[in-house]
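Notebook, chain-level look-up. I wanted the fold, the dimensions and the contacts on record before doing anything else.

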Amino acid sequence: MAMSYIWALLVGLSLVCALAGDGGDLSRAALAGAGRAVELGISLTGSLCLWSGFSLVLERSGLRAGLGRLLAPLLGRLFPKAARDEAVLGALCGNVTANLLGLGNAATPLGIEALRGMQAQSGGDRASDEMCRLVVLNTASVQLLPTTVAALRGSLGSAAPFDILPAVWLCSLFSVGAGLGAAALLRRLWP
Amino acid sequence: MALTGYLIPALLLGVSVLALGRRVDLYSALLEGGQRGLELVKTVLPALVMLLTAVELLRASGAAALLTRLLSPAARLLGIPPETLPLVLIRPLSGSAALAVGADLMAAYGPDSLIGRTVAVMMGSTETTFYTVSVYFAAAGVKRTRYAVPAALIADLTGFAAASLLARLL
């Protein structure tokens, strides 16, 4: 629902601005924008299909599950209460690895499963510290292969679509660190 | 050729060998996954059309330039290039809108320009914060979300500032 208001606001703002100033031909601009969206969609289709195929192979060959087991000790330390329940820790590991591998569709159901498990442990409608930490981890996007962005760069003619990888990795680390740090400070303010 | 130039074929080969070693029907998995990719394009395309229409309207009317001018002092304070502001504003709200705006900026400045790279790093290292928070907590029946939103937004802002810096350095 929020997007409905945002979209209407964007269009309204444009019309007001155009009436106040000397905007160009808005009707022509609207149609040009719609046309460009389809061009963008078509140019992205190839790499999106390739990566979706690749990620299904990752899933079926058990690579994701293997990576998840590697992460269990680290996540157990970050989520000590949740880690007491084997099933919750499993969902947690699955969620983080799916995020790492850029499998957004697999990450969300696993993250929700982990969050429900934590909620069953703590009870009530209040987010526990570990629940907040899980959500922060998921909003900060730690991705090893940002395939959609690389696909976009490639479709626009970048010479090396993946050369942003080191910057993306470091940047994700900074933002996750800031998120978890902020969570540790803010928990005292929100009992 | 840069090392990342070998990345895709190396990854494809590595995962393929692993899958074959485990007797996974590699080619059917690739095709089935590709089908899912097509479905994804089909779901995202209408959103791209609506949002790029709005983006184009904002630009043609001068509203985008006005907003950028109003917010650039705050952006400069954080070291964020004002040109990337449209993405910074929409990124926490909608993933497909961010894709549309990001594509627009990269096309305008060039994918290998400093602005284009900054935009790409921002898109790769941040998420649709408000959507994620609401989906997760709604599914778990949590109403009092406490500090989750402020902490996630601090992570986003740090990500945007770090992306602006790192795109220049790396």
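Along the sequence the pattern reads α-α-α-α-α-α-α-α.

I note that this is a predicted model, in which local features need pLDDT of at least 70, side-chain atom pairs count only at pLDDT 80 or more, and totals for chains, interfaces and linings use all residues. Residues are numbered from 1 along each chain as its sequence is written, while chains are lettered from A and ligands numbered from 1 in the order in which they are written.

Next I checked dimensions. Chain B has a radius of gyration of 19 Å, whereas a compact globule of 170 residues would have one near 15 Å (taken over C-alpha atoms; the globule rule is 2.2 Å times the number of residues to the power 0.38). I put the C-alpha atoms in a box along the principal axes and read roughly 60 × 50 × 30 Å for chain B.

Then I looked up the partner chain. I found 84 residues of chain B in contact with 88 residues of chain A (C-beta atoms, placed from the backbone, within 7 Å). Helices that each supply at least two residues to this side of chain B include α1 (7-21), α3 (63-77) and α8 (148-169). The largest share, 25 residues, comes from α2(B).

Key:
Helices (H or I, at least four residues) and strands (E, at least two) are DSSP runs, numbered from the N terminus. Two residues are in contact if their C-beta atoms, placed from the backbone, lie within 7 Å.
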